[in-house]
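This note sets out numbered remarks on the model shown below. Please read them alongside the coordinates.

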Amino acid sequence: MTDLQLKVIPGGLLTPVGRKRKQLKTAYITDTRLMGVLAIHAHFILTDEPERKDFHQFYYIDCEEGGLEVYRSIRCDDYLDAAGELQEIEQSLIGGLGAKQVDLDEDQLASILCFYTEFNRAHGLPQPDNAAEYSFLLERGDRLSPDEKESLMSAICGPIHSNYQVINYFLMRCIGQDYRAAARLTRGNFPIDIYSRFSRASFCRNVIDLQREHEDGTCEYLCESLVEQSGQYEVLVSHLTVNRLKVIDFYHCSGFKVSPAEAAMMLAKPEFVTVYEVMLSEEDMENNIGELTITFNTVMSVHDNGRLFMAFKDNNAHVDSASFMLSNDVNGIYYLTDFGQLIVAAYSLIEIRHMENKLRVSPLSPYLMITGKFEFKEPIIYEFINSDFEDFYDFLDAIKE
């Protein structure tokens, strides 16, 4: 009997997507470098694929300490084939950044990924799962000239319009030990690492007080900043001098620790709450959950007794203020409890009415019944979310007592 001569012919399915021929169709990055985070969406065409030829990549980068944290991808026949999933990923990674989109070419995309891949290696951070899918970009290497890198960095930092922006961004980057970005906001030679003892700290609040304005436009400011690290709070008083939208001098004046209760008072602001009863079955609500994510432009997170949908502002104008608060990038929240309640909360009457109106004209409107409206002197919704209560009214009874 003659032996069979078998030969394996590689098929398209055996070729990893990272090794398939690709053509970049579009790519963008957010202009949020000064906020300390970046997100990227790249859309490739697999040129040797008759089907499932669209290849979408999403990246999320923490510029302070996390580096290249998240990578997700989708292959589909066209955009409409996976529109819902694409919007869901884009919303979850980008929706809360208040960003504008900066177009990228393939060299710029490769340069950014090479930089943050090396950042991960240098800091002992793991690469995201499925890194082989974007290895072709790393193999392309960093081909940008120094001038091209400077131009790209300027674009992803976004425009600066005021001294308030300069100061808030500068202190935010210094507290995060992101000196590469902080240095872009300075001119001259002075230390910017005076708060290097902080690690993974949050820049919660900053109040800027103009002390003196010189004839040449140079302004001196005193800043009182509330910083949180591992549940501990501290107030830092700093002196900054700004000229032509650049920090030209910076030093620490004083500081003191504050208790969580004192920090809560500093961060307190009124909260307006509207409670709805949801007259839908659990299955029907699951089928309509997209109304609270994509339609309402929210980012969802899961909690023990429900799901939280954060509605963020579409820009970072809250940084351009003499009284900066980290939480001021939020328009409001929708909290859908497992008990069948939808709790809507915002920090002003205008915002709560805007959120109520969006619900009123949504497909969910016929299935929602208002059961109560409240105004609180300070936010309590997060206390409810982190409590063991399922019913919001039971929670109110408990805190009244």
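1. A cavity is here a set of points on a 1 Å grid over the protein atoms alone where a 1.4 Å probe fits but cannot get out; grid points are joined across faces, edges and corners, and the volume is the space filled by probe spheres set on the points. The structure holds one cavity of 30 Å³ or more. This is a predicted model, in which local features need pLDDT of at least 70 and side-chain atom pairs count only at pLDDT 80 or more, while totals for chains, interfaces and linings use all residues. Residues are numbered from 1 along each chain as its sequence is written, and side-chain values use heavy atoms, with hydrogens and water left out.

2. The residues lining this largest cavity are Glu271, Val330, Gly332, Ile333, Ala345, Ala346 and Tyr347, lining residues being those with an atom within 4 Å of a point. Two or more of them come from each of β14 (330–337) and β15 (341–346), and β14 gives the largest share, three residues. By class, five are nonpolar, one is polar and one is charged; Ala, Val, Leu, Ile, Met, Phe, Trp, Tyr, Cys and Pro count as nonpolar, Asp, Glu, Lys and Arg as charged, and the others, Gly among them, as polar.

3. β14 and β15 belong to an open, antiparallel sheet of six strands, ordered β11-β12-β14-β15-β10-β16. At its edges stand β11 (298–303) and β16 (368–376), each with a single partner strand, so one side of each is left without a neighbour in the sheet. The twist averages 20 degrees from one strand to the next. Strands (E, at least two residues) and helices (H or I, at least four) are DSSP runs numbered from the N terminus, and two strands pair if DSSP finds at least two bridges between them.

4. Eight bridges join β10 (residues 271–278) to the antiparallel β16, with Val273 opposite Phe374 in β16. Helix α10 (residues 349–360) packs on the sheet, touching β10, β14, β15 and β16, and its direction makes about 145 degrees with that of β15. Helix α12 (residues 392–400) lies across β10, β15 and β16 at about 25 degrees to β16. Contact means heavy atoms within 4.5 Å; angles run from 0 to 180 degrees between N-to-C directions, with axes fitted to C-alpha atoms, for helices over the stretch in contact.

5. A second open sheet deserves mention: five strands with antiparallel pairing, in the order β4-β3-β2-β1-β5. Here β4 (67–76) and β5 (101–103) are the edge strands, each with a single partner, so one side of each lacks a neighbour in the sheet. Three bridges join β1 (residues 22–30) to β5, and Thr30 stands opposite Gln101 in β5.

6. The largest pocket holds about 1100 Å³ of space. A pocket is an open set of points with protein on both sides within 12 Å along at least five of seven lines. Its lining comprises 37 residues, of which Ser202, Phe203, Cys204, Leu326 and Ser327 lie nearest the centre. The largest share, four residues, comes from α7. The lining divides into 22 nonpolar, six polar and nine charged residues.

7. Overall, the protein has 12 helices and 16 strands, and 49% of its 401 residues count as buried (under 20% relative accessible area, 1.4 Å probe, protein chains only). Its C-alpha atoms fill a box of roughly 90 × 60 × 35 Å along the principal axes.

Conventions: Buried < 20%, exposed > 50% of the residue type's maximum accessible area, 1.4 Å probe, protein only.
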